[in-house]
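Please read them alongside the sequence and the structure.

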Amino acid sequence: MNLSIYDRRVFSLYESNSQRIRVLTENWFHHEMYCPVCSRDAIESFPNNTKVKDFYCGECKSEYQLKSQQKSFSGKVNDGAYKPMIESIDSGMRPHFLFLHYTVEYAVQDLLMVPNFFFTPSIIERRNPLSPTARKKGWVGCNILLREIPPEGKLWIVDNGSILKRENVASQWKKIAFMRDAFPSERGWIADTLRFVHKLGKKEFSLNEMYGFEQEFSLLHPDNKHIQAKIRQQLQIMRDKGLLRFLGNGRYALN
């Protein structure tokens with residue numbers, strides 16, 4: 001994988017810097033990237049102006065959206081309209097999201113993939129509507145709260161200029177691939193439970209400590225009236241899928 005996105009021809013074809021960056025990063029992704037889901041060597045591009053989706057795998061049919069910027073991605077990333085984002089999450093139709101950070105020398109510094117099943121309403125922040133004097137008055141955008149995504153939902157492909165081995169990316173994917181087959185509402189429960197496990201800040205934890213997040217779970221899932229039972233269910237699912245170990249006496253450990 002060549003991390004340089006520079007192509008002199010693009011600078012002669014486009015005057016707008018935003019257009020140049022879009023073409024440079026999309027060209028790089030199309031020619032240098034493999035499918036993180038099935039490891040197929042080639043990635044295909046959707047036709048220009050396709051909404052939300054940029055690339056797909058011709059083998060496993062996984063779909064991807066690419067977002068690129070020169071500054072590193074912080075805990076909060078500006079994105080598009082709020083309502084379509086939530087609708088795509090609720091329908092289970094989100095593509096996998098890739099965040100590409102490039103340097104002033106036009107080289108890929110970081111490439112992070114967040115699988116679509118880690119996109120839940122709890123990581124989407126609604127922005128205030130644009131003012132009445134704005135060109136798109138009343139428009140409501142959203143922020144993606146990267147800081148709220150647990151480590152299991154962050155698949156690094158390039159990290160600080162270093163290319164991770166393809167087999168390591170594949171191994172990360174396999175650990176969480178079971179979430180792909182869950183209903184969108186169940187994906188949200190698994191992702192939120194993982195997030196709260198990591199908020200405890202330690203490898204081993206107790207069931208009672210997880211019950212301490214009952215109010216937060218209730219706010220995220222107001223239709224569920226049996227929060228503690230649901231927490232136990234999610235921990236059992238994660239244990240069965242190898243994300244956790246059960247230590248006995250209501251205690252668990254992250255694998």
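1. Ile 144 touches Gly 75, Lys 76, Val 77, Asp 79, Met 85, Phe 97, Phe 99, Phe 119, Ile 123 and Ile 124, leaving out residues up to four places away in sequence; contact means heavy atoms within 4.5 Å. This is a predicted model, where local features need pLDDT of at least 70 and side-chain atom pairs count only at pLDDT 80 or more, while totals for chains, interfaces and linings use all residues. Residues are numbered from 1 along each chain as its sequence is written, and side-chain values use heavy atoms, without hydrogens and water.

2. Ile 144, Leu 111 and Leu 235 touch the most other members of the largest nonpolar core, which has 70 residues. Such a core is a set of buried Ala, Val, Leu, Ile, Met, Phe, Trp, Tyr and Cys residues joined through side-chain atoms within 4.5 Å. Buried means under 20% relative accessible area, exposed over 50%, and partly exposed in between (1.4 Å probe, protein chains only).

3. Asp 79, one of the contacts of Ile 144, is buried at 17% relative accessible area. Its contacts beyond four places in sequence include Lys 67, Arg 127 and Trp 139.

4. There are 14 salt bridges in the structure, each a side-chain nitrogen of Lys or Arg within 4 Å of a carboxyl oxygen of Asp or Glu. One of them joins Asp 41 and Arg 166 at 2.7 Å, N to O. Asp 41 is exposed at 61%, whereas Arg 166 is partly exposed at 31%.

5. Asp 192 and Arg 195 also form a salt bridge, with the closest N and O atoms 3.2 Å apart. Asp 192 is buried at 3%, and Arg 195 is buried at 8%.
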